[in-house]
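Reader: Could you walk me through this model, one piece at a time?

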Amino acid sequence: PAWLRRLCGRLLSERLMRPNGVQAVVRGVMEGTGAGGTGAEAAAVDWRKCDAVAKILASCPQQCLSPEDYYRLVCPQILDLLHIQDRLTARQFQRVAVAALLAVARDRPQLAEKHLLQPLLAPLLRCVET
């Protein structure tokens, strides 16, 4: 029902904008990915889940008053997904982070530059400038 979809969307959006909310949502969705099936089947399921989660992260919720506020809170958490230490988890989280970065860059290039690309490239730019 529409009311349930709206409620779930609102709760998901609220969770994403909290500290460590992106990681919690990604962990919840990706849990159990890769189990069962052949290697190729499991990899395909893994990629589809990663893409689906990335689309969720990249989409500013309708009830959010300001896209700037949403991306200011969520984008640093997306970049944090690149620093997960556990190998198996890191691979999935990196896929989600890269897909989300690409989606935000495609849909909201100015916000992607400000909240994703500039922080990501800052160390490289510092090296080039010196």
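Author: Let me start with L16, which is found in helix 1; helices here are DSSP runs of H or I with at least four residues, numbered from the N terminus. This is a predicted model, in which local features need pLDDT of at least 70, side-chain atom pairs count only at pLDDT 80 or more, and totals for chains, interfaces and linings use all residues. Residues are numbered from 1 along each chain as its sequence is written, and side-chain values use heavy atoms, with hydrogens and water left out.

Reader: Is L16 buried or exposed?

Author: L16 counts as buried because its relative accessibility is 2%, where buried means under 20% relative accessible area, with a 1.4 Å probe and protein chains only.

Reader: And what does L16 touch?

Author: Leaving out residues up to four places away in sequence, L16 touches G21, V22, V25, I56, L57, Y70, V74 and Q77, a contact being heavy atoms within 4.5 Å. Y70 lies 54 residues from L16 along the chain, and their C-alpha atoms are separated by 8.9 Å.

Reader: Switching to the helices, how do the axes of helix 1 and helix 2 cross?

Author: The axes of helix 1 (residues 2–16) and helix 2 (residues 21–30) cross at roughly 125 degrees and come within 7 Å; axes are lines fitted to C-alpha atoms over the stretch in contact, and angles run from 0 to 180 degrees between N-to-C directions.

Reader: Which residues make that contact?

Author: Helix 1 contributes L12, R15 and L16, while helix 2 contributes G21, V22, A24 and V25.

Key: Helix = DSSP H or I, 4+ residues; strand = E, 2+ residues; numbered from the N terminus. Buried < 20%, exposed > 50% of the residue type's maximum accessible area, 1.4 Å probe, protein only.
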